[in-house]
Amino acid sequence: MNIRAVEINIRKKSEKPTFEASLVIRVLSLIMGLVFVAALFLLQGVNPLILYINIFRYAFFTLNGLAETLSRVIPLLAIAVGLSIPFRARIDNIGAEGQFLMGAIAATGVAFGLADLPSILLIPLMFVAGFALGALWAVPVAIFRVKGQYKGSDVVVSFLMVFPAYSLIQYLVNGPWRDPGGWGFPQTPLFPENAQIMQVPGTQIHLSILLVFALTFLIHHYLVRTRDGIPETKLGYEINAVGQNPAAAESAGVSFLRIALTAMVISGGMAAIGGVGEVAGNLLRLRPEISTNLGFTGIVVAWLGGLNPLGIIVSALFFSGLLAGGVEIQMAGLPVTVINLFNGSILLFVLLADFFMKYRIEWRVLR
Amino acid sequence: MSIELVGSSIVTAATFFLIPTLGEILAERSGILNLGVEGMIISSAAGAFGVAFMTGSIVLGTLAGMAIGGLLAFIHGVISITFTRNQVVSGISLTILGTGLSGLLGRDFVGSIIKALEPVPIPGLSAIPFLGPVFFTKDILVYTSYVLVPVLWFILFRTRLGILIRTVGENPTAAYSQGVNVTLIRYLCVVSGGVLCGLGGAYLTLAWMPAWTEGMTGGRGWIVIALTVVALWHPVTAFVGSYIFGIFQVIQFSFQLSGIPVAFINMLPYLSTITFMVVWGILLSRQKVRRIIGAPSALCVPFEKE
Amino acid sequence: METILELRNMCKSYYGDGGVEIRANDNVTFTLKKGEIHALLGENGAGKSTLVMSLCREPDSGTVLLDGKEVELRSPRDATENGIGIAYQDLSRSLVERHTIAENILSLSKGFLFSLRSVEGAVKKAMVEYGFGDLDPSMRVWKLSGGQKQRVEMLKALITNPNILILDEPTSMLTPPEVEKLFSLLQSLKDKGKSIVIITHHLEEAINISDRITVLRGGRAVATLDEAHVSELKKEPEKGIRELARLMVGKEVLYELERRDQSEGPVVLTVQNLCVNNDMGVQVVNSVNFEVRSGWILGIAGIAGNGQRELVESLVHWRDVTSGSISFHGTDITNRPIKEIRDRGVSLIPENRQRALILDMSVRENLMMSYYSDTPGLFIDRESMIQKTDNLIKQFSIDTPSPLTPVRSLSGGNRQKVVVAREMARQPSKGKQLLLIAENPTSGLDVATTQFVRQELLKMRAAGAAVILVSSDLTEIMALSDVIAVIYKGEMIAVVDSSSATRESVGLLMGGVVSGPSVPEGRGTG
């Protein structure tokens, strides 16, 4: 047998991948990501297998861990579902962290500023204010995406807006909002009773979990789900069109600016709702530590979930487990930011998986 | 504070922006948008510091930093060039990965101290009043940045490689049909860009602030990406732009003594970057401008042979 | 004369059509003799460009022989190294607009350094040698006219001093005198011993210049006319054109389209003093005036690149109008939002099919694009959409396994049917007629679909719609239009009644020849 060469042919597929196929590929990219990080850990002298088992065991099989996991789901799901919308429109919002923080700031402001209102009014007001401020923080990203003359301007701007948000929190908790009885720690006083969101007793799972899940299902039903190939709302249809072929959508009369703004308002608002819940239901006071890379993690959660709210629920659960297991990561001597290793590598493999879903590789041996 | 000291700090700050910006210009000129700059810089910074601390050699540390930057850029290249996937998402993934990697690589070295890169006065030039102490009494990486600017200019505009790079970035099909190996050129530029990012990261922890803390870059890698646009993809304007941002950085420090809260001062570089982007966006939207300068036409567009 | 190049049993297929294989080249054999000029003829989509591309990439099967020896040409570089120079048809993929002419010719910068001066010098020398001396090598390509760009493209191929020169549609943007100059250049190259393949669908030119002619149809080589046969054709070109057309299309009567006489309707669209710029800020539509009546087909004839695309885009506001006005049913629609113009009753079948369809969406979703916003409110009226799209699929005979199949899986002809269906079936408000703009609607389509689209255009005309047909296919214009406007370098240089126009007269106009007794009186330009 005289093998001259192996010829590799890469052909673009014409059929959309089946649901089963895309599920398998997503799980594969998840596993590859874990393997990749495990290799990195090994190189650094950390035993990945034990670490993974500990994280998994803690997050899903201990009561404390499970509660922690579920409490992490709340902001993560809010952010990721929110992100799925601009991502579908090919708008890359990576500043969800900033929008999340603005939500927390708004909630704090309302909580202390209108502390006399009864709970039934105060808490919804906090959510509304949070949504508004988060949406506002997200609008520049839309503007840059549409009017920006160079690729990536939306990405850069969205990230750049995270830092002012963070700095604002620093300023507020060290300055005008500082807790007078807090021994100088940079934090606000504890939220007034009527501004606190009720928690499931004994855990840190607060009732905003209901709000977040409700929004998730609403978004799925009205923007994503199709019956007979047709989405429920015009907006859902337009977002898909704009994301897949902005030139064709524009030619049909869809205003890119309108869609971009709508998508970013929803995204920023959702992230902010996560922030409101976090500060009013979990931490019960505003601290700089409220920012925990949720913005970045949300990006991976959204992509891994296939930009579909239902899929995102599943991937959010997984990543929440990972976040909850953060304590195990710290015990292994690693800084918490290491979670970004998982985020980054899984996202890379999801990207790669996208290639294998779209292209078929044929190979034959020549001669 | 003497004006010479201020000037010197500006040069220090500017160099940190300049080196990676030159790298990004190279990558983008060939058509690849590398948004992983922040991740490459910060992980190189951590890695360089770690290696320098462990081996006691700044040279090895610098090389380690460059290698890390190059490696991450290579991954970006594989995903963007060979697998023709979305360059924006790939770059974002690498930033995220790089941030995590920096935590991993630097974890044992938080709080450690090394001997920083020493400034080396250039004989003769360092004696010039004002210019001497400011520009010519710096460390070797700063001098490297001075040299890199004309070298990059020369490569891009006076060599055959440069015209090939620029053609690949404007119209890769045109280059390919004339026999150019588009893939090779793109890989070359992206990886070189990553190496320069790594050099910038090494500069941060080995020369500028010889220490390692998490999040040291403070997101300034993103400013590099904006700077590439502000520089209109040209090495000489990159120099000017980096120095403007160097000035902003130093102003930041001096403002801390005034009454304005620290937090607002910290917002300055980000807000000013956004302002620049708005102004430049308006400028570049004019047709008459775009036909002469602007982003390389094939930037961020994957090249498929058929 | 010996054979210098032989392409034997070339096969190349494209997939991506739901498993359907499109055989772009089906066992094609083509030979080129040394020192001859060989024309490769065929309709759009017949496989001419594909055949030639087999010289710079691997086909599915077949052999390439150069001077009798088998060679493997896997990339454009291999082709150049083997003495083959190719001037491509699609200049947007071949030239860098921002760079100068000299910077575009990469083969000249040898060695490590790139000295603009020496490259420009070499370019200038080559230009003089090949008769392109009027171009300045330091000029930016975006400033050049279509014909000048084509000459740069040819220079790129010539400068490598190839033995075999392949020109893909080299005259598509040239005026008749420029075509003459090109042909004398080709003659002198032939005298120097070069072998030339010229791909074209201009039958007269092919007869004029070539020694032998090969006709491709539907991916197959249907005939190769030898030297004797071609010299016969040269003696009687009119008869020759008919014979070649028959070979190209496959049947004697090309168009059985019936364009019945009908009375003029009221003016529906008025365009006055319209000026539009191209992407580089150069004005390419210069103060154009015309009107369109309902029940009319206004055919805008012109060689590609004379401003038609920008004109069409300005009518629907895909591009800004710099000055002038467009008025539709009495309302000014100049630079109004795209959606508003569409809602008022303007439909467009664009030449750029990328802008018309979203390939990964289903047939149903693509058809919906014109109708989804008909019902007010936030929700889509599913029932009505399903009904409408099912009807359209039936009405326009769109061949698709199901309405939910992604459009990507459809063949080119069926994809265009989706666009046609979507744009033609729209109903503007009561009492108002639809304005349909069709931009090269049949380019690249198979014969059956081409016929279908043309018949649909006539149906729209009969129903009272106003139609603007922009086409570089003169036969199509002649067969379908009531009034023919000729666009040349951004100006409407003539507007003539189609009944009094001849192929020859319009052809001359398209080439910019305005004066002369063969130009008939036109209807007013308004």
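Let's start with chain B of this predicted model: 54% of its 306 residues count as buried. Its secondary structure consists of 13 helices and 2 strands. The C-alpha trace of chain B spans about 60 × 45 × 45 Å along its principal axes. Is that what a compact globule would give, or what radius of gyration would one have? For 306 residues, a compact globule would have a radius of gyration near 19 Å, and because chain B has 19 Å, the two agree.

Now let's move to chain C and follow one strand, β7(C), which covers residues 164-168. Here 5 of the 5 residues are buried, so the strand is largely enclosed by the rest of the structure.

What joins β7(C) to strand β6 of chain C? The answer is 4 bridges, with the strands running parallel, and β6(C) covers residues 84-87. Within this pairing, C:G85 has C:L165 as its bridge partner.

Strand β8 of chain C, residues 195-200, also runs parallel to β7(C), and 5 bridges join the two. To find your place here, look for C:I166, which stands opposite C:V197 in β8(C). Between β7(C) and β8(C) the chain passes through helix α6(C), residues 176-191, making a β-α-β crossover that is right-handed.

Technical notes: Residues are numbered from 1 along each chain as its sequence is written. Chains are lettered from A and ligands numbered from 1 in the order in which they are written. This is a predicted model: local features need pLDDT of at least 70, side-chain atom pairs count only at pLDDT 80 or more; totals for chains, interfaces and linings use all residues. The radius of gyration is taken over C-alpha atoms; the globule rule is 2.2 Å times the number of residues to the power 0.38. A residue is buried if 20 or more other C-beta atoms lie within 10 Å of its own, exposed if 12 or fewer, and partly exposed in between; C-beta atoms are placed from the backbone. Two strands pair if DSSP finds at least two bridges between them. A crossover is right-handed if, with the strands pointing away from the viewer, the path from the first strand over the helix to the second runs clockwise.
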